Every structure is written in C-alpha cells, then in structure tokens.
Amino acid sequence: MACPGPVDCSGLTVIAKDYKGLLDQPAAPKFKGALCQIFVRSQPYGGSDKSNNGHRYDTIPMANGMINAGMSCQLIHYVHEEHDKFFEVCKNFDFIIVRCNPGQIKADGGDQNKFDDGMRGIRKLGIQVWPSPDVMEKMGAKDALCKVATMNIGLEDTLAYYSPEEFAAGFKKTMAFQPRVIKQNRGSSGEGIWIIKLKSENYCKNFGDRSCTDDEVLEMMEACDNHSETHTVAEFIEFCVNGRTSKSGKWDTVGTGKYLEGGKAAGGQLVDQRFCPRIVEGEVRMNMIGDTCTGIIHKKPKAGGISAVGGTGSIYTFYGPDAPEFKQLSEDFLKNSIPTLMESLDLKGEPLPLWWTGDFINADPGKPGSPCTIDKWIVGEFNCSCVGISKCLPAYCNAEKPNASVYDIPVKDFVEATYLGNLMGQKALAILDGQGAKMSPNATKVLSRIEALRGAAKAGVLSSEEAGSMLDKLFDV
C-alpha cells in the first residue's frame, strides 16, 4: 500500500512493507511533504541503513517531526526505472526531504546525476528540497574551505587546485613553508586526505622563499585509517594527477588517486590547508538543525593517530550544545559565521540544511598538550549528505539483527530522536511559512521537547504516565 496522505502516490512502486511508527497525517496539512528514500535491491536488507520494513533507520522520527508541526510527510522510494513518473508525483508536494545515502542510487542501478537534475527541476518550480543537490555539492565540496577562509572559522592560507599545473606549483611552494593537509574532493571517511610533512624538516622562514624540488621526501599519513607512507614530491604529484603509474612509486592506500580527473565541473579538485598540530588532540563536531546546535561531539584519535574517523579506535565524548568548553567556537560559528554562510558558499537564497554537521580543528599553533595561547577553531568539513540520527542506530538491520525496527530503539533514545525530528519540523515550517522570526530558538526547543513526549506516547513507545512524568520534569513541577 502506498503511504497514506494528501498526495496520491499509488502510481509509484511500493517498496515499504509497512509504516509502523508513523503518525497519522493531518487532515488539513499546512504544507504537503515527502521523505524520499532509496532501497538497494541488490544488497541485503536494501542497504546497511535500512530497518526491516524498507525505511531508513531514522526515517520515522524525521517524518513525525514534520507531522507534529502540522504538515504532512509521506514516505516514498525512488525507483530509477520509473524516474519520470516519480518526479511527476514530486511536483504535487510543497517540500521533499532527500534521505538517499551517497552511492546507493548508483548501487541500485540508477544514475545519481539524473536524480540530482530531477531534484534541481523540482527546486526550480519553487518546491523546497532538503538538501538540494546544489547545497549538498557546494557545502560538501572541499573547496568550501576556501570560500570561508576569511571567516572566523577559516584559515586565510587555504588554497584550491583544479589543474595539474596549478597543483604542482602551489603545493611545492606551500609544502616548502610548513606541514600541510591535502584533501581530495570525492572521497569519504578520510580517504584521499593526506597529512604531509617534509622528512628533512627543511621549511623556509617566509612563504614563497623557496619551492620544494621533485626529489624531496614526504612523510605522509592518510586520514581514513592513519596508515603512513613515504614518497617523493614528484611521486605524490603523479599519484594525485594520474594515479598508480611507473612514475608514482608503490602505494599502500586503498585509494586510486587521480584526484583532479574530469576537471572542476566533474568535482576534480584538491584543497591545500595548513596542518594544525593539535589535530592529535581531536576534532569537534557540531550537530546542527538549521541554525541551531543540538549537540557537540569531541572526537579524539587513538594514540599515535591523527584522524578520528569512526572505526579507527577514536574516543568520542558528548557535550550539550551550550558546553562552556566550546564557548568561543559557538560564538565564532553560530553567531558570526552562520548568518552569511550560505551566501559565502555561493548558495544565496538557499536555506541552511535541516540536519547537518560541521567538523572543527583547534588552530592554536602550540605543541599538543601544552596550554593554548589562542582560542580559535577552524572548519575542516561540512556534511549535509544524509547525516544519520545516531540515537536510531538500533533500528538498522544486519546479520545479527535481521528484523531490527524502530521499536528496537531504547525509549530514552527514541524520545531524543523525536525531539530532533520535531525541531526539524519547526525549522522547516518556519522556512516554508516565512515566519521564522516569530519564535525564539529557546521557545522552539521547549515546544519540540513537549511534542517529542506527546509523539512517543502516540507511537506507543511511552505510556501516558511515563510521558506525563517526563513532562513534569521538563518544567520542574
């Protein structure tokens, strides 16, 4: 059965087995919305992010957040064989939330570019898309770091290269001056992000005093797994431009290089950024809903490592959004940078994503472990491409739990996920309504928590008594 709601979706292939946990759609919705997913038919469970009914593991709290805000939110799946029919149906909605994990459309046999162009067409009709392909592309691109270089969260000596010639000349000059981080644009989870030092430590005193020669030796570490490699400057440049060749030497990375392939239009680019030595102390992730921080995570690499990518033995410490330890970062990012961020990224007129993250590195130049002399954090990456709600992870299927569902999420975590979904609903409604200034952020948070408790009670996750008790605690009565 197609997902119930005001828009007729019966012409689309129904992938979902059921809609358990989804609240009833409002009889007269303020706006009509859809949450778009992709089920990879060739993979177990439809992909590593799916519950047993074919929905993403965090779909229900997000959709319910829209419903709790008085909007409808129907759950639909993109099937590439019916591309045209799918986008005809999409024209009947006021907003679409895209929750298709990177790579999954291609894995299912579809064409990501064709899908993106379809969503661009929807956006041109005035229908809101969260996140739109352009927002995903420009916020996620590594050269976004260059566009915010002059902000409080940037470094002015951040450079972008789009051709082999400018890369070779620029890298030899920056590398001769100080340790660097070179980041490819297309990788994920740290693949193709290299922390590089001169083995000789023969750095010049002033930028531009000299350039590296081809035979100088580089000591390198890749962020995806913290493995080390040693190559000459010439070998590194060859690998970045042409991949594994007779001139690039032997490489241990799982990556293939060719980072500039296809040119700028195809996403071929490299970003060159100053190495911040305190990265070994960890990086800080701010979880964001629109312009509101909902939590801060400090991610510390395991001893001897530099990258805190998941699966590398890093240690995560969780903080509230107002943690005093990161007061200056919050000031620089939330108050001083957010208001002009989208325009700086060439996204003027686009709203901030509903659910996204920013990763930050301590830019104090001191030796790791020593007291900081400045309180400055610089952005290392933005991500708005299908960021997951970690509280919902118990709802995804794998070999150990092939029947996992939304009901496997612990009650406390479900309430928190519902709160996040409700806050997304409030932000979405404010953008669609054009009345975002009517409610303060604190008032929005309180309202979202109230609705989270009500939603959990409606879904049967909490009893009325449990929800009432938590509501009492919210107001200290």
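This is a predicted model: local features need pLDDT of at least 70, side-chain atom pairs count only at pLDDT 80 or more; totals for chains, interfaces and linings use all residues.
His83, Phe86, Phe87 and Cys90 of H2 are in contact with Lys114, Phe115, Gly118, Met119 and Ile122 of H4.

**Helix pair H2 and H4**
- H2 spans residues 83–90 and H4 spans residues 112–124.
- Their axes come within 10 Å and cross at roughly 25°.
- Angles under 35 degrees count as roughly parallel, and H2 and H4 are therefore roughly parallel to each other.
- The crossing of H2 past H4 is right-handed.

**Open sheet**
- Four strands form an open sheet in the order E2-E1-E3-E4, and their pairing is parallel.
- E2 and E4 (128–130) are the edge strands. Each has a single partner strand, so one side of each lacks a neighbour in the sheet.
- On average, neighbouring strands of this sheet are turned by 20° against each other, direction ignored.
- E1 (residues 32–37) pairs with E3 in the parallel sense over four bridges.
- Cys36 lies opposite Val98 of E3.

**Nonpolar cores**
- The largest nonpolar core has 37 residues. Leu22, Met66, Met71, Leu75, Ile97, Ile389 and Met424 touch the most other members.
- Helix H1 (59–68), strand E2 (72–77), strand E3 (95–98) and helix H10 (411–433) each contribute at least two residues to this core.
- H10 contributes the most, with eight residues.
- Met71 is in contact with Pro26, Pro29, Lys30, Phe31, Met66, Phe95, Gly425, Ala428, Leu429 and Leu432, leaving aside neighbours within four places in sequence.
- A second, separate core holds 30 residues, among them Ala144, Met151, Ala323 and Leu352.
- In soluble globular proteins, nonpolar side chains tend to be buried together.

**Helix H8**
- H8 (residues 233–242) is mostly covered, with seven of its ten residues buried.
- Those buried residues are Val233, Phe236, Ile237, Glu238, Phe239, Cys240 and Val241.
- Their cover includes helix H7 (164–177) and strands E6 (180–184), E7 (193–198), E8 (217–222), E9 (228–232) and E10 (270–274).

Terms used:
Residues are numbered from 1 along each chain as its sequence is written. Side-chain values use heavy atoms; hydrogens and water are left out. A nonpolar core is a set of buried Ala, Val, Leu, Ile, Met, Phe, Trp, Tyr and Cys residues joined through side-chain atoms within 4.5 Å. Buried means under 20% relative accessible area, exposed over 50%, partly exposed in between (1.4 Å probe, protein chains only). Contact means heavy atoms within 4.5 Å. Two strands pair if DSSP finds at least two bridges between them. Axes are lines fitted to C-alpha atoms, for helices over the stretch in contact, and angles run from 0 to 180 degrees between N-to-C directions. Angles under 35 degrees count as roughly parallel, over 145 as roughly antiparallel, 65 to 115 as roughly perpendicular and the rest as oblique. A crossing is left-handed if the near helix is turned anticlockwise from the far one by less than a right angle, and right-handed if clockwise.
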